[in-house]
Amino acid sequence: MKSSLVSSKNLIRLQSAISRSFLQHSSKPISQTPFFIPIIPTNTINLYNQRYQNLQFQIRSNSTSIMSSSAFKPEQARLPPALPLSSPPLTKFKIGICQLAVTPDTERNIQHAREAIEEAAQKGAQLVVLPEIWNSPYSNDGFPVYAEDIDAGHDASPSTAMLSEVSSRLKITVVGGSIPERCGDKLYNTCCVFGTDGKLKAKHRKIHLFDIDIPGKITFMESKTLTAGETPTIVDTDVGRIGVGICYDIRFQELAMIYASRGAHLLCYPGAFNMTTGPLHWELLQRARAVDNQFGEVLATTEHDEDIIIAEIDYSILEQRRANLPLAMQRRGDLYQLVDIRRVSAH
């Protein structure tokens with residue numbers, strides 16, 4: 001919920017190997033499906049069988065030719081071409097998702113988040129994820145007051161100092177939700193990722209700002225105080241390559257597709273969804289981003305109260321899922337293309 005009291009319901013939205021695919025089947029049994037069976041004269045059966053075998057061979061040959069046809073240019077559906085998915089550093093691990101109540105007291109919020117991370121680690125989590133804006137009230141009035149200088153660190157950023165200390169002490173990876181960040185005269189909604197050594201591995205500034213106006217229900221304009229980030233964020237960690245988004249970023253499938261093309265094993269979207277669009281869209285959007293990348297089963301969830309949920313992530317099914325649905329080889333690069341501007345500029 002986008003309020004100063006409670007962060008939104010957090011679902012484990014797991015891309016690639018973390019999610020299991022949904023396959024839709026017809027609900028109508030075969031016995032109810034009408035068939036037309038032609039009557040073949042006896043003296044033509046042998047000829048029919050011979051022609052059928054020849055036709056079957058031609059169909060197989062043509063299908064192979066079409067599937068491998070360079071005219072479709074599947075490798076050009078991503079520009080630059082998608083990176084090959086590397087082997088993750090481990091096959092299985094536990095992830096902990098912390099859903100926290102937020103107060104106007106920053107010190108209390110930091111201590112509360114520390115305790116939640118410690119509890120998740122005690123339950124075996126090697127990766128712990130916090131919610132969006134977990135250290136302060138969520139409001140345009142509050143962002144300037146509670147903003148921290150992350151680059152300066154230490155006393156200038158007590159929230160990230162805690163994340164660094166606890167990740168190093170517990171030897172876990174932490175996706176630190178997000179906090180208001182001050183950088184010069186600008187404010188950002190920023191997620192920090194800390195490695196098992198306590199070092200800051202990545203910093204994602206929310207790319208798509210939450211500007212919404214639903215008459216009589218909700219009006220919120222993050223752009224009144226916050227500046228949009230300019231860089232997609234993907235980071236290699238001890239639990240795999242992670243693509244990071246924040247809340248409203250999840251509505252834009254292009255970002256998730258870029259992360260997939262960059263070889264992400266996992267996508268994390270810390271959120272503080274409101275209760276107007278949240279009940280309808282939050283889980284739907286998470287599953288949609290997973291299905292976009294071939295997977296999409298919810299492994300664990302919770303309600304709106306404070307909670308810590310633990311789930312096991314199994315990367316071993318990744319290769320199997322992509323072998324069963326080889327979408328990367330079936331894309332039509334001759335018809336459409338997703339351009340990763342940052343990677344193109346770097347070449």
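## Terms and basis of the model

A residue is called buried when its relative accessible area is under 20%, exposed when that value is over 50%, and partly exposed in between, using a 1.4 Å probe and protein chains only. By this definition K171 counts as exposed, because its relative accessibility is 56%.

The structure is a predicted model, in which local features need pLDDT of at least 70 and side-chain atom pairs count only at pLDDT 80 or more, while totals for chains, interfaces and linings use all residues. Residues are numbered from 1 along each chain as its sequence is written, and side-chain values use heavy atoms, with hydrogens and water left out.

## Confidence

The predictor's confidence in each residue is given as pLDDT, on a scale from 0 to 100; the chain has a mean of 83, and 80% of its residues reach 70 or more. Over residues 1-49 the pLDDT is below 50, and this stretch has 120 contacts in the model beyond near neighbours in sequence, a contact being heavy atoms within 4.5 Å. Residues 55-67 also have a pLDDT below 50, with three contacts beyond near neighbours in sequence. Where pLDDT is low, the predicted coordinates should not be read in detail.

## The chain as a whole

The chain has eight helices and 14 strands, which are DSSP runs (H or I of at least four residues for helices, E of at least two for strands) numbered from the N terminus. Of the 347 residues in the chain, 45% are buried. Among contacts with a separation of 6 or more, 75% are between residues 24 or more positions apart.

## Strand β2 and its partners

Strand β2 (residues 92-99) is largely enclosed by the rest of the structure, because six of its eight residues are buried. Two strands pair if DSSP finds at least two bridges between them, and β2 pairs with strand β13 (residues 307-314) in the antiparallel sense over eight bridges; here G96 stands opposite I310 in β13.

With strand β3 (residues 125-129), β2 pairs in the parallel sense over four bridges, and I95 stands opposite L127 in β3. The chain passes from β2 through helix α2 (residues 106-122) to β3 in a right-handed β-α-β crossover, meaning that, with the strands pointing away from the viewer, the path from the first strand over the helix to the second runs clockwise.

## Backbone details in the loops

In the loop between α4 (158-170) and β4 (173-175) lies K171, whose phi is near 55 degrees, a positive value in a residue other than glycine. K73, in the loop between α1 (45-67) and β1, has a positive phi of about 50 degrees although it is not a glycine, and K73 is partly exposed at a relative accessible area of 34%.
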